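Dear colleague,

Please find the structure below for your review.

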Amino acid sequence: MNITKNTEAERMNFWEKIYIPEIARGLGLTLNQVFKPKFTRQYPEEVWEPEGSYRGRPVLVKEETGERCVACGLCSRVCPALAIEVQASETEKDKERYPVKFEINMLRCIFCGFCEEVCPEEAIVMSKDYHLVFQSQEEAILSKDKLEVPIAKLQDRLEFLRQYR
Amino acid sequence: MPELIWILIETLIKAVFILTMILLAAATLVYLERRISAFIQNRYGPNRVGPFGLLQPFADVFKLFLKEDLVPKVADKRFHRIAPIISLGVTLAVYSVIPLSNYFTIDTGESVRKIYLGIAPNVNIGFLFVLAMTSVGVYGITLAGWSSNNKYSLLGGLRSSAQMISYELSMGLSVIGVLLVSNYFTTAPNGSWTNTLSLNTIVLNQSGWKWNIIFQPLGFLIFLVSAFAETNRAPFDLPEAEPELVGGFNTEYSGMKFGMFFLAEYGNMATSAALITLLFLGGWQLPFPSSWLGLTEGSIWLALAQFTSFLLKIILLAIFFIWVRWSIPRFRYDQLMNLGWKIMLPLSLLNIVITGIVLQFFF
C-alpha cells in the first residue's frame, strides 16, 4: 500500500513548513530549561538520608544492657551468599548464650535482608549505611565490634519492622 | 636588522600565539559544550576539576594522552595515521588568513612597521583559501572512515563527503552576495575590484555598523546553516550519528588520535564562528566608533580592543552553536539532501539575483 495522503508533511501549516519559527521555539524551550532548578545531588557534600525501609549494611543491635544476639546461627544458616559466620558461647547472664565471633563478609553480602527476617530476637537489622568502601579483602570482613550499633541509631528501621512485619 | 629576520620573528611569534589561541579556544569550547548541555538538561556538568570545573578539558586531554593507541589489524595503517592529522592540520591552517584585529604599528628605530594580527590576513585569495581548506578537511574524515575498514566508519565518512558537497555549494554562493555588498561599500580608492576576496578588506568595508547581516539576512541564514553542516555539528552531525553508526568515522580511533579529531571538531567550530563573524558580523570591528575609546588607528591598545571584540563575537556564536546542538534533533539523510539541494541552493541563487538587481538598479 502506498500511503501518500495525510502525511506529516501535508498536515503542517505554512509557518511550520518554513521551519525557522519552529527552530526558534525549540531554542526558547531549551533556554527556559537553563534557568530551572537542577536535579543533580552534589554527592559528597549533600549526602542522601534514606528512609527506614532502606536495606543497607546489616548490623547487630546493641542495647544499654548488652547485645541482643543469642548466637542461634539462623542468620548464618539462611544467608544465601554464605556471608555470615557465628560462633556461640555460654554466659552467666539470663540469656545464657552469646556470640564470641560474629563476622559478615561484606564482599559476599547481597543485602537481601533474610538474616533480619529470620532473626527471632530482632538482633540483626539492616542499617541505612551505604558508604561501603574497603581497601582489601580482609578489611571487608566486618567483625563484631564493627557490626554492633547502639539501638538509638536504628530506631527508623525497628519502627519500620514493627509496622510492616 | 635585515627585513627577512624581522619577518621571520614576526611570523614565528604570531604562529605560536595563534596556535595557542586555537587550542585554548578548543578547550574552552569543550568546557562550554559540557556545561551548557548540562544546564539545558537540568544538570550541573563538570564542576569539580579546578574552579567551576574550568580545568576539565585539560584533564580530558591528559587522559587521552595516557590511553592506549589501538589500530585495527585490517586497517590501512598509513591512512589511519594521516587522517586525524589532516583533520587537525586543516583546521589550524584556516587561521592563517583570518585577521584577528586591525594592524598596529611599532617603531623599530629604522622604520615604522605595520603589524597585522594574523599571519596573512591581506592575502588576496583569502576566502577562496578558506573554502579550499574546509573542503580538504573532508578528506580527513572520509579517509578515517575508509581506512578503518569498518562498515560504520565507512558510512560515516561517505555521509560526510556527500554532505560537504551539498552544502559547500550554497555556502560559496551565499558569500557572493556578501562580496557584492562589500564592494559597494568599499573604502578603497575609486572602488576598484582588487583585493575583494581578502578577509581583511571584507571586514574593513563593514566599518561603521555596515555589517553585512543587515544587508544580507538571507545570505547570513544560508551561510549559518551551511556552516553547521560543514562542521558536522548540531542537526547535521550525520557522520558521527551515535545511535545509528556506533561512533561514525571515529569508531576505530582511540587515544590521542581520537583526541585530534575531537580538537579538530571544536577547532572547526571556532573557525566557522570566526568566518561568520568576519563575513556578516563586522569581524574585528568594534560595535561603536573607535574614537569613543580615545585611541587612534595603529595603536596597540586599539588592536587589542578589536581582538577582544572579535573574540567575544566568536564565543557568542559558539555558544549559539552549542545551544542549537542540544535543542534540535538530527536530520534524516534524505531530509538533509532535500534541504541542501531543493531549498538552500535555490535560495542562495535567489539571494545573488536579488542582491545584484538591487545594487544595479536602486543604488
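In this predicted model, chain A and chain B bury about 1,400 Å² between them, with 64% of it on carbon and sulfur atoms; buried area is the accessible area (1.4 Å probe) that two parts lose on being put together, summed over both. Leu27(A), Lys38(A) and Gln42(A) supply 38% of the area that chain A buries against chain B, more than any other three residues. Counting contact as heavy atoms within 4.5 Å, 17 residues of chain A and 15 residues of chain B take part.

One salt bridge is found across this interface, where a salt bridge is a side-chain nitrogen of Lys or Arg within 4 Å of a carboxyl oxygen of Asp or Glu. Glu45(A) and Arg48(B) meet in a salt bridge at 3.1 Å, N to O.

Over all chains, the structure holds 16 salt bridges. One of them joins Glu33(B) and Arg325(B) at 3.4 Å, N to O. Because Glu33(B) lies in helix H1 of chain B and Arg325(B) in helix H11 of chain B, the pair ties together parts that are 292 residues apart in sequence; helices are DSSP runs (H or I, at least four residues), numbered from the N terminus. Glu33(B) is buried at 3% relative accessibility, while Arg325(B) is partly exposed at 23% (buried is under 20% relative accessible area, exposed over 50%, partly exposed in between; 1.4 Å probe, protein chains only).

Residues are numbered from 1 along each chain as its sequence is written, and chains are lettered from A and ligands numbered from 1 in the order in which they are written. Local features need pLDDT of at least 70, side-chain atom pairs count only at pLDDT 80 or more, totals for chains, interfaces and linings use all residues, and side-chain values use heavy atoms, with hydrogens and water left out.

Yours sincerely

Conventions: Helix = DSSP H or I, 4+ residues; strand = E, 2+ residues; numbered from the N terminus.
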